[in-house]
Amino acid sequence: MKTIGLLGGMSWESTESYFRALNTGIKASLGGLHSARVVMVSVDFAEIEVLQRQGDWEAMASILAREARRIEAAGADMLLIATNTMHKVAPEVADAIDIPLLHIADATGERLVADGMRRIGLLGTRFTMEQDFYKARLTERFGIEVLVPEEEQRQRVHRVIYEELCQGRIEPRSKTEYLEIIESLRERGAEAVILGCTEIALLVNQTDTQVPLYDTTAIHAGSAVAMALEP
């Protein structure tokens, strides 16, 4: 079994979901007492969030690249950045290490294509919904059209992520708002919706809606499990 490198802490709530998904995936494949071989570094998200608000992506790239090198030095065979938003600096992180970086948008795009999805909605932080580092990758590499919520809806989605989900708060009112936004994306033609922030699956899941949902945490972790078990 290969060792999975996990760069987490952004936030730790979603990193916990990653760790569980990796171990669940290995156990499902190998049975018995098997668990995932994982090397993890968890950063202090408060420091990252300040840099996000300041727009200092260069500083964030430097931090994540440094931590990725630590993970590689500890023996990881691959790297996961356990957050959608910070894949904005994935190229800089990948350039800093010699092990493969499994990109979350690629794992998600492959699943969407396999399922025949061509027009999807995207929920995430404002950075993920409004900038091109994620949307353009899905379009250019996989031919997928990406719809995002309207401006006021994007503000609500972003606020709930940082003020509630990243702080371990699950609010029924916010769940209702998210489901309304998901339905509005369906009405605009989305065949499915990507939960493009690793915390969103803490709030809504497939049992809550008939709109197909793609949980990027589960998809990303599943891709890592498959690579870890490759001969």
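# A guided tour of strands and helices

Start by selecting isoleucine 120, which stands opposite alanine 192 in strand E6. Strands (E, at least two residues) and helices (H or I, at least four) are DSSP runs, numbered from the N terminus. Before going on, note that this is a predicted model: local features need pLDDT of at least 70, side-chain atom pairs count only at pLDDT 80 or more, and totals for chains, interfaces and linings use all residues. Residues are numbered from 1 along each chain as its sequence is written, and side-chain values use heavy atoms, with hydrogens and water left out.

**Stop 1: the sheet**

Now select residues 119–123, strand E4, together with residues 192–195, strand E6: the two run parallel and are joined by 4 bridges. Another facing pair to click on is leucine 123, opposite leucine 195 in E6. Which residue of E7 does leucine 195 stand opposite? Look for aspartate 215. E6 and E7 also pair in the parallel sense, over 3 bridges. Two strands pair if DSSP finds at least two bridges between them.

Next, show the whole open sheet: its 4 strands come in the order E5-E4-E6-E7, with parallel pairing. Strands E5 (145–147) and E7 (213–215) are at the edges and have a single partner strand each, so one side of each has no neighbour in the sheet. From one strand to the next, the twist averages 30°.

Buried means under 20% relative accessible area, with exposed over 50% and partly exposed in between (1.4 Å probe, protein chains only).

Angles go from 0 to 180 degrees between N-to-C directions, and axes are lines fitted to C-alpha atoms, for helices over the stretch in contact.

**Stop 2: glutamate 13**

Select glutamate 13, found in helix H1 (residues 12–30). Is glutamate 13 buried or exposed? Its relative accessibility is 10%, so glutamate 13 counts as buried. Glycine 168 is 155 residues away in sequence, yet its C-alpha is 6.7 Å from that of glutamate 13. Leaving aside neighbours within four places in sequence, glutamate 13 is in contact with Leu165, Cys166, Gln167, Gly168 and Leu202. Contact means heavy atoms within 4.5 Å.

**Stop 3: H1 and H10**

Angles under 35 degrees count as roughly parallel, over 145 as roughly antiparallel, 65 to 115 as roughly perpendicular, and the rest as oblique. To see where the helices meet, pick residues including Ser17, Tyr18 and Ala21 in H1 and Thr216, Thr217 and His220 in H10. This contact of H1 with H10 divides into 7 nonpolar, 6 polar and no charged residues. Here Ala, Val, Leu, Ile, Met, Phe, Trp, Tyr, Cys and Pro count as nonpolar, Asp, Glu, Lys and Arg as charged, and the others, Gly among them, as polar.

**Stop 4: H5 and H7**

Finish with helix H5 (residues 104–114) and helix H7 (residues 132–142), which pack at about 45° with their axes 10 Å apart. That makes H5 oblique to H7. Among the residues making the contact are Ile104 and Val113 of H5 and Tyr134 and Phe142 of H7. By class, there are 6 nonpolar, 2 polar and 4 charged residues in the contact of H5 with H7.
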